[in-house]
Protein chains: 2
Amino acid sequence: MADSKIVTAALLIIGNEILSGRTKDANLPFIAEGLGTMGIRLSEVRVVPDVAEEIIGAVNVLREKYDYLFTTGGIGPTHDDITAECVAAALDLPLVQNVEARRRLEERWASTGIEINEARLRMANTPEGATLIDNPVSAAPGFQIENVFVMAGVPKIMQAMFGSLRERLVGGAPLLSESVVCNLPEGQLATGLAALQERYPDVDIGSYPSYAHSGFRVAVVLRHTDADLLEAAAAAVMVLIDELGGEVEPQEP
Amino acid sequence: MADSKIVTAALLIIGNEILSGRTKDANLPFIAEGLGTMGIRLSEVRVVPDVAEEIIGAVNVLREKYDYLFTTGGIGPTHDDITAECVAAALDLPLVQNVEARRRLEERWASTGIEINEARLRMANTPEGATLIDNPVSAAPGFQIENVFVMAGVPKIMQAMFGSLRERLVGGAPLLSESVVCNLPEGQLATGLAALQERYPDVDIGSYPSYAHSGFRVAVVLRHTDADLLEAAAAAVMVLIDELGGEVEPQEP
């Protein structure tokens with residue numbers, strides 16, 4: 001088995017609009033899957049309002065507890081965009097105008113005829129010592145300071161930013177997964193699955209019921225970094241389903 | 001102005017499948033909007049894995065910090081369903097078999113020909129002293145203990161459970177909102193909006209940019225419990241947009 005250190009990350013989603021239900025977050029699954037492919041496990045997510053003490057508190061807990069912290073939201077030009085100043089406060093660093101960020105913004109504004117004003121220049125502020133995260137969509141960059149990565153909340157921009165981070169992030173062995181879907185109720189599988197979890201204690205075995213028009217289905221999802229171990233555990237789940245008289249659904253290719 | 005106490009709530013989403021990105025959470029916006037109509041403000045959300053110490057830790061922080069805590073996920077029959085025991089541990093209460101929960105499950109199982117087994121009976125376990133939350137979909141109930149409301153993760157079941165809670169929850173004045181959508185860039189609105197936020201310090205004024213095929217749009221969303229104050233602040237936003245040469249989009253009815 002290759003390096004099996006588990007590299008962990010947290011996501012902090014900042015914004016009243018998520019907490020009010022007005023905006024449905026689309027960044028969590030995108031970031032979760034992207035991190036997964038790099039061998040980084042998203043281990044906790046928090047959503048907090050545009051309130052400085054809540055943001056600062058969450059940044060400090062999460063950056064200390066996990067290898068990486070990603071934030072989304074609150075980096076625009078308006079009064080409710082306070083992420084940069086909160087991250088600076090959390091790390092006890094001064095908030096400064098980042099020269100390169102200002103240059104990129106002015107270049108974009110010159111080419112699009114947008115006037116420079118004080119509010120827009122807030123988007124050039126970062127904690128001292130931050131490195132920028134490119135924003136090919138609308139120029140206003142995100143930034144990295146220590147293990148904290150500050151990104152936009154608008155999914156299109158966040159995705160572009162996240163895509164540029166791949167080479168900065170050091171993952172562990174990628175977490176592989178196998179799904180076994182069957183037509184048995186969870187309550188019938190449960191005892192056997194619990195025994196398999198004991199037999200394969202390092203494999204993360206989850207059971208997810210759902211309702212389809214053809215009746216209930218259960219997806220047993222297994223995760224581990226070791227493909228051989230994963231395959232053995234998945235095979236054992238299929239034997240269990242067979243022994244219980246269930247049928248395994250063919251996998252989508 | 002009516003009672004303006006702000007009643008707050010947190011949501012704890014429990015499950016590896018959300019953190020892996022495999023399952024997209026649909027419960028947050030549903031609960032946020034439902035609470036909003038009752039005058040309860042969703043103030044924080046956390047997503048944690050199926051790990052006892054993480055669940056217990058989050059339950060204890062959130063139930064103490066907010067008026068209500070809602071949890072979703074982890075109440076099925078399988079080994080990864082550990083919410084009930086974790087909530088019991090968090091509240092330092094014994095986990096017991098709830099007689100009424102068992103009765104409901106046995107009644108359902110008798111009518112559908114499902115055998116009783118030890119794994120299924122785990123769904124009748126609650127912290128001592130809990131009251132049940134009805135599950136009209138699949139019988140296995142959620143429960144309330146103190147200010148903690150434990151619900152299923154499957155959206156259809158969660159929604160049915162949440163619907164039955166309305167009479168148990170005591171809200172404050174409902175938070176009203178007004179949206180003003182315009183064609184000005186955020187950076188042009190920002191200074192004027194910040195001034196309006198100072199003029200109406202109690203109104204929560206948020207600015208949300210988006211990209212449509214017709215170009216960028218900004219939605220200014222105002223929230224407060226007082227309809228007159230809200231209307232005055234929204235009118236001031238419209239005046240600001242007009243002064244800046246922008247156009248307000250007609251509202252959807």
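Mentor: Start with superposition: copies are superposed by least squares on the C-alpha atoms of residues with pLDDT of at least 70 in both. This is a predicted model, in which local features need pLDDT of at least 70, side-chain atom pairs count only at pLDDT 80 or more, and totals for chains, interfaces and linings use all residues. Residues are numbered from 1 along each chain as its sequence is written, chains are lettered from A and ligands numbered from 1 in the order in which they are written, and side-chain values use heavy atoms, with hydrogens and water left out.

Trainee: What rotation superposes chain A on chain B?

Mentor: A rotation of 180°, with 0.0 Å of shift along its axis, and the RMSD is 0.0 Å. The two copies are therefore related as by a two-fold rotation axis. In chain A, A:Arg46 comes closest to that axis, its C-alpha lying at 2.2 Å.

Trainee: How many residues of each chain count as being in contact?

Mentor: Contact means heavy atoms within 4.5 Å. Chain A gives 55 residues and chain B gives 55 residues.

Trainee: What area is buried between chain A and chain B?

Mentor: Buried area is the accessible area (1.4 Å probe) that two parts lose on being put together, summed over both. Here that comes to about 4,300 Å², with 55% from carbon and sulfur atoms. On the chain A side, A:Arg22, A:His79 and A:Tyr208 lose the most area to chain B, together 14% of what that side buries.

Trainee: What makes B:Glu54 and A:Lys65 a salt bridge?

Mentor: The rule asks for a side-chain nitrogen of Lys or Arg within 4 Å of a carboxyl oxygen of Asp or Glu. In this pair the closest N and O atoms are 2.7 Å apart, so the pair meets the rule. Across the interface of chain A and chain B, the rule finds two salt bridges.

Trainee: Which domains does chain A have?

Mentor: Domain 1 covers 7–168 and domain 2 covers 176–243. Those bounds come from an automatic or database domain assignment. Taken over C-alpha atoms, the domain centres are 37 Å apart.
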